[in-house]
Amino acid sequence: MANRKVTLVAHIKTAQGWRRYPVAWGKNGRIKPGTVIVGGKEQKFTEGVYQLRTYKGSRMVYKSLPNDNAQDAVNARDRESALLAAREHATEAGAKIVEPESRKYLRRAIELYKQDRENRNALEAKEQAALVGDEFLTVSGVTFVDEVTVDSVYRFHKALRQRGCASRTLANKHARLKSILLYAGVDKSVIPPAPKYEKTLPTIYEVKSVGALHEKADEYMRLVIDLGLMCGLREQEMQFLEWGDIDLAGRVLRVQGKPQRGFLVKDSEQRDVTIPTELLKELKAYRKKHPKARLVLGTGKDGETPNGHLLRNLKQLARRAGLNCGECEGCKELNECRQWTLHRLRRTFATNSLRGGVDLRTVQHLMGHADLASTLRYLRPASGDEVQDRMNAIQWR
């Protein structure tokens, strides 16, 4: 019989995403393994975890159980119910139950990790941690930090493969999970090696693709595209770019932090970027239309709100322009192509700068990289006719 205060549910994967449903019980009062009640009917599930639902005040709290054994889940519910009852009786008697605090909840550790990344202004890392952390908690069944094992990490890998994640994506998620677990205090010997993948060449945009995107863009989005393409700005650098950072007469854009807005430049190093003539004309024209704005790409009535949806705006533009690849997971699930990213505009800037004759050290400075190795990872080698012409121009003998 279900307990009023502690309810056993199953968090399962459905065609609509992860959903919670009550577990199914037989006439004999025993739980039916791998079965939930959906719309009043029993339904089997193959991927999911059992969870205990309790309350903190009026807020529902879910606690994942460490394995997928149905009877163990029932036993865990009964233990939690008994503990709640003991707490109530102790409170009524004016006593207090002292519970051990030696075990650390993994979910709490993940929240602390996310807060740490936010404090460092590593907002992308915080977002990735939120996704990876929830995925790991859901598929592993781990509740406490000391329950993390090699097998629980491998279960995470298996679940990602079953979802159709590419090897590179799997490796990236593993790297983020490893960072979270080490921060939580998990011994590194418990964490298996990262999955191997075939390293691909850096991807850049061809002139034809950018031209097609530019043609469908409005004035605002053309500016977004060109700040990435011609100045190599990161997403947050675009969000917090102020007109005071731009010297239109000197044709220079300064990338610098905005502590008052909680934004710091990556690697804590300012840099000046030369503005190409074409982009300079765009900026001058846009400034005339927005003479009082402080943020170049600000939103809201006064243009003072940083736009946190630049990537989404770019993907929506690519879709309207008919430039979605139609093959990637993003196209199939969200109709937002993974090939269109602000970061790829930045890689295109780096590659085009080098091919245009800018020396490698200068490209490193323009990109804001602390070392050349980081810059080299962005550069796509020349190919085709370009390489053929250069090879033919060499005096071989």
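Predicted model: local features only at pLDDT ≥ 70, side-chain atom pairs only at ≥ 80, totals over all residues.
Starting with the big picture, the protein has 397 residues, and 41% of them count as buried. Its secondary structure comes to 15 helices and 9 strands. As for how the chain folds back on itself, 58% of the contacts with a separation of 6 or more are between residues 24 or more positions apart.

On to the inside. In soluble globular proteins, nonpolar side chains tend to be buried together. Here the largest nonpolar core has 49 residues, and the members touching the most others are Leu 227, Leu 253 and Leu 297. Several elements each put in at least two residues, among them helix 6 (207-216), strand 8 (252-255), helix 9 (277-289) and helix 12 (342-355). Helix 7 gives the largest share, with 9 residues.

Next comes the pairing of helix 6 with helix 7. Their axes sit 9 Å apart and cross at an angle of about 150°. That angle is over 145 degrees, so the two helices count as roughly antiparallel to each other. From helix 6, the residues involved are Val 210, Leu 213 and His 214, which meet Arg 222, Ile 225, Asp 226 and Leu 229 of helix 7. Sorted by type, the residues of this contact come out as 4 nonpolar, 1 polar and 2 charged.

Finally, a look at a lysine. Lys 173 is part of helix 5, which covers residues 167-184. The relative accessible area of Lys 173 is 16%, and because the cut-off for buried is under 20%, this lysine counts as buried. What does the side chain of Lys 173 make a polar contact with? The partner is the side chain of Glu 135, at 3.2 Å. Leaving out residues up to four places away in sequence, Lys 173 touches Val 132, Phe 156 and Leu 160 as well as Glu 135.

Conventions:
Residues numbered from 1 in each chain as written. Heavy atoms only, no water. Core = buried A, V, L, I, M, F, W, Y, C linked by side-chain atoms within 4.5 Å. Buried < 20%, exposed > 50% of the residue type's maximum accessible area, 1.4 Å probe, protein only. Helix = DSSP H or I, 4+ residues; strand = E, 2+ residues; numbered from the N terminus. Polar contact = N/O pair within 3.5 Å; in protein donor to acceptor, adjacent residues only side chain to side chain. Contact = heavy atoms within 4.5 Å. Axes fitted to C-alpha atoms, helices over the stretch in contact; angles between N-to-C directions. Parallel < 35°, antiparallel > 145°, perpendicular 65-115°, else oblique. Nonpolar A, V, L, I, M, F, W, Y, C, P; charged D, E, K, R; others polar.
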